[in-house]
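Subject: Handover of a structure and its findings

Dear colleague,

Please find the structure below for your study. My notes on its ligand, its pockets and its backbone follow.

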Amino acid sequence: MSAALAGRRLLVSAGPTFEDIDPVRYLGNRSSGKMGFAIASVAAERGAEVTLVAGPVHLATPAGVHRIDVRSAAQMFDAVMGALPCDAYIGAAAVADFTPRAFAGSKLKKVAGTDTLTLELVKTRDILAEVAAHALRPALVVGFAAETDDVATYARGKLERKRVDLVCANRVGVGATGFESDDNALLVLGPGGFERALGPAAKTELAARLLELVAERLA
Ligand code: C5P
């Protein structure tokens, strides 16, 4: 087993976030957390000291990984910031972009004579961008981009806008890759036109190949 990441501190976020509307309802997304958990697992095998901030998922904690469970984007933000400093942050979580402005303390009821319900949503804080701009910025910040179309263009935009070092783009909503699947295909983009296609392959295999790029950049 390679110890390419021996002694390195990796912080990984994984899974969806759930934004509560009332005591029984939430806004969520289809992220399974498998990609982030695979990264955490392989990084630990390669000797890294790994903290995994996990949204609500049904996955076992990988061996040797320190796991912090959270539910909402705000909780994920606090857990990630609280886990700095580290050598590399890999933001594989599908963080909600919006959350309800107010939590309704009791279950929202249907109102007679009204066929619509308006929920007011406010933007969440961008964890990835704030890690990249933090005084304790890790040496390497890696983001993910799940897009349904024009994957490379949107992902390259994210690289520059969020000032991260690598963006892993995956196309979701097509075939047997992306959310919920055990397989995936990534297009890894970096500054200076760096571009590397990984897969399609099992998420554990993709994690291993992505971590080779991480290890090279931390060396
Ligand atoms: O802009 P978009 O949400 O598509 O960017 C995805 C990347 O940004 C992922 O790495 C995700 O973990 C991160 N992100 C975040 N905080 C948010 C929204 C997205 O860290 N509030």
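This is a predicted model: local features need pLDDT of at least 70, side-chain atom pairs count only at pLDDT 80 or more; totals for chains, interfaces and linings use all residues.

The shell around the ligand consists of six nonpolar, three polar and five charged residues. In this grouping, Ala, Val, Leu, Ile, Met, Phe, Trp, Tyr, Cys and Pro are nonpolar, Asp, Glu, Lys and Arg are charged, and the others, Gly among them, are polar. The shell holds 14 residues, and G91, A93, L128, F144 and K158 are the closest; a residue belongs to it if one of its heavy atoms lies within 4 Å of the ligand. Helix α3 (127–132) and strand β9 (140–147) each provide at least two residues of this shell. Helices (H or I, at least four residues) and strands (E, at least two) are DSSP runs, numbered from the N terminus.

Residues are numbered from 1 along each chain as its sequence is written, and side-chain values use heavy atoms, with hydrogens and water left out.

From K162, a polar side-chain atom lies 3.0 Å from an oxygen atom of the ligand. Taken alone, the ligand exposes 450 Å², of which the protein buries 87%; these accessible areas come from the Shrake-Rupley method with a 1.4 Å probe.

The ligand sits in the largest pocket, meaning that more than half of its atoms lie within 2 Å of the grid points of that pocket. On a 1 Å grid over the protein atoms alone, a pocket is an open set of points with protein on both sides within 12 Å along at least five of seven lines, a cavity is a set where a 1.4 Å probe fits but cannot get out, and lining residues have an atom within 4 Å of a point. The largest pocket has a volume of about 930 Å³, where a volume is the space filled by probe spheres set on the points, which are joined across faces, edges and corners. Its lining has 40 residues, with A93, A94, V95, D97 and F144 nearest the centre. They divide into 16 nonpolar, twelve polar and twelve charged.

The second largest pocket has a volume of about 170 Å³. Among the residues that line it are I21, R25, L108 and K109.

There is one cavity of 30 Å³ or more, and the largest cavity holds about 40 Å³ of space. R9, L10, L11, E49, T51, A83 and C86 line this cavity. Strand β1 (9–14) gives the most to that lining, with three residues.

Finally, the backbone deserves a look. Most residues other than glycine have a negative phi, and most peptide bonds are trans. The bond from L84 to P85, however, is cis, with omega near 5 degrees, and P85 is in the loop between α2 (73–82) and β6. Another cis peptide bond joins G199 and P200, with omega about 10 degrees; P200 lies in strand β12 (residues 195–202). D150, which is not a glycine, has a positive phi of about 50 degrees and is in the loop between β9 and α4.

Yours sincerely

Technical notes: A polar contact is a pair of N or O atoms within 3.5 Å; within protein, one must be able to donate a hydrogen and the other to accept it, and residues adjacent in sequence count only if both atoms are side-chain atoms.
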